[in-house]
Amino acid sequence: MSHDEHAAPVEKKFFTTGMKILTAIMVSGLSFGLYRMVFGLEASTNLDDQFPLGLWIGVDVATGVALAAGGFTSGALVYVFQREHFHAIIRPALLTAMLGYTFVGVGLMFDLGRWYNIWHPAIPFMWQGNSVLFEVGMCVMIYLNVLYLEFAPIVCERFIGRVNLPWKFARFNDLIDIVLRFADHILGKIMFIFILLGIVLSCCHQSSLGTLLVIAPYKMHALYSSAWGPLFFLTSAFAVGLTMVVFESMIASRAFGREPEMHILTPVSKIIPYLLGIYIAVKLGDMISRETYKFLLEGSAPVIMFWIEFGLLTVVPFFMFMSSDVRRSPRGLFVAASMYIVGILLNRSTVFFIAYEPLYAAKAYIPAFAEFALTIGLICAIMFVYRLAVTFLPVLPAAEEH
Amino acid sequence: MSTNRRSFIKQAAGIGSLALFGKKAHASRLQVSPDQFGVLVDITRCVGCRSCEQACNEINEDLPRKSPETFKDTSVQEKRRRMDYSAYTVVNRYENRNNPGMPVYAKFQCMHCLYPACESACIVGAFERQANGAVIYDAWKCIGCRYCMAACPFQVPAYEFSNVLTPQVRKCTFCFETRLTQGGMPACVQSCPMEVMTFGKRNSLIKIARERIKKYPARYVNHIYGENEVGGTTWMYISSVPFQDIDLPHLGYHPAPGYTEPIQHAIFKWFLPPAAVFAGLGGIWWYLKNKKSDE
């Protein structure tokens, strides 16, 4: 939006020791993506006819989308609800959302059997309005473009008046500068449309991800077989969006040797228990209305997962966020945020391949090494590009002068 | 479980009616024709000879080739098999709870639902139910997301996981191209020496099934599996043992697309709900901004 945000590129060395380790993990993880492309799904995954959806869908796609919710939740908070004193969270949240969704697309390419057909849902004669997945696909595709447009002014800001192409390309400097200024001007005028559109699109596909397996209630464990699936996914996305904002801000501060931005994070995290409370209330309401609490003492994997992801990693962080002592303590806040983020990861995984109990399963699905490796590689890649972006673009708040 | 399923259906119906829609949920879909074909499988007649498996492999030339000897081996029936990338149909052997010495055999293939979950789920419309009842897959459209496999209530579609570049979803075609459109019956039906399967108009098959059950009440369970299961299927079964004994799941009568499509079409009814959220948020933004600048 406006340029008075005091964001600046981080002036730190890029290849620190930590970054070297991260790069090594990233390259080895991504090499398993290459392995998948060359040798196919059977060689690289433990998927079979009974478990068609696995780690890459549950984590890379479903969890990836949920954890990228910081983009639209912070947009709603700062712009729609006019909490402008939180403005510093916008750019990092936007960057994470943009990278998160980009890598959802990248990760999906490895999972799709015919990845080269990924563009098919965009062709009008293949539109399939009855399909929940079609809705998810279209919304994510459009939202990804919206995110790039929302991010564009940051790139414009960095390069306006500073376009300096080397060698023979220098003759285009003026032209590119004019284009950037024009784009920045137009985007500034209509950005509110994209911010609102981003929120609407996010609500649509965040919820629809929760509708996906509602089509097969007979295969879902009773605890997770609810027609309110979309509401669970939507309300938990609201909560985890702001949690991610807090989490990544603290990671970034740590990585760049800065003080955590508690003057913003403490008040932002005050909103989280309300959002998390709504999710917990909806979830408990569903449990009471369908009387699924009678399964709670069953020893099956989905029930154990429920106790962990909901009991331990959702309800406990909820009470932690409620406490103002926790919210004021960097350590407490970081622990609470981390717990809920892992909770979301386990929740989405449970829905897609643990509570999913196919009719004729001969063996349980345990993701293969290559599946874990690629997932970790992709997460490292997000962190790598994040670091690259904040080093060269004005995303994080400018470091305070001492 | 069944009480949960029922409450689930109630909930789904509740969500469906909540926002005044639902009645046109299937508008874009081919109507179920009273003339559509069907197959009645009488498992009391099946001896598990695997002739149908062989006929299926012979006519579907894009399946991996198998020699006729392969199908003479009935020891494979020691295990519970399912259809996979190499077979559209399998015959399994099951314990007979009424007559322990006499096992029963059941043939499986795609049920060709009247309201197919795969068709509703598919992101690109690669599955299409035909007027004659066949549910057909178009590999050219497919992106390989495998959501159809998760959606299918009978866990039928199989996948060519070992195919690196052009994997397909594999499932019975009802011999749509090879026989049905040329006036023939599916190859498996014709190959059966015991006349386990009867091919015909679905409506008349239901009558035949009712008559058989009525005539031999001691021989049959009084139920036609597939007449109403998940809204009805093209392939229907009658049996001497409970259907759960032969791996036909207890599903209820609600069509699978009926769980998701009411939610889906509610959220996108003429794009009104998303537009309303857009306008509502815009309104809040505008109001708060004005209020702030007044201060």
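This is a predicted model: local features need pLDDT of at least 70, side-chain atom pairs count only at pLDDT 80 or more; totals for chains, interfaces and linings use all residues.
**Entry 1**

Residues are numbered from 1 along each chain as its sequence is written, and chains are lettered from A and ligands numbered from 1 in the order in which they are written.

Helix α2 covers residues 55-67 of chain A and helix α11 residues 330-354 (helices are DSSP runs of H or I, at least four residues, numbered from the N terminus). I find an angle of about 135° between them, with the axes 9 Å apart (axes are lines fitted to C-alpha atoms over the stretch in contact, and angles run from 0 to 180 degrees between N-to-C directions). The pair is therefore oblique.

From α2(A), the residues in contact include I57(A), V59(A) and A62(A); from α11(A), they include I341(A), L345(A) and F352(A) (C-beta atoms, placed from the backbone, lie within 7 Å). By class I record 10 nonpolar, three polar and one charged residues (Ala, Val, Leu, Ile, Met, Phe, Trp, Tyr, Cys and Pro are nonpolar, Asp, Glu, Lys and Arg charged, the others, Gly among them, polar).

**Entry 2: α4(A) and α5(A)**

I next examined helix α4 (residues 90-111), which packs with α5(A) at about 145°, axes 10 Å apart. This crossing is left-handed. Among the residues that meet are L94(A), M98(A) and Y101(A) of α4(A), and Y143(A), L147(A) and F151(A) of α5(A). The contact has 13 nonpolar, two polar and two charged residues.

**Entry 3: α6(A)**

Where does α6(A) bend? I place the bend, about 60°, at I190(A) (the angle between axes fitted to the seven residues ending there and the seven starting there).

**Entry 4: chain A against chain B**

I find 52 residues from chain A and 59 residues from chain B in the contact. The largest share of the chain A side, six residues, comes from α6(A). That side divides into 32 nonpolar, 14 polar and six charged residues.

Definitions and conventions:
Helices (H or I, at least four residues) and strands (E, at least two) are DSSP runs, numbered from the N terminus. Angles under 35 degrees count as roughly parallel, over 145 as roughly antiparallel, 65 to 115 as roughly perpendicular and the rest as oblique. Two residues are in contact if their C-beta atoms, placed from the backbone, lie within 7 Å. A crossing is left-handed if the near helix is turned anticlockwise from the far one by less than a right angle, and right-handed if clockwise.
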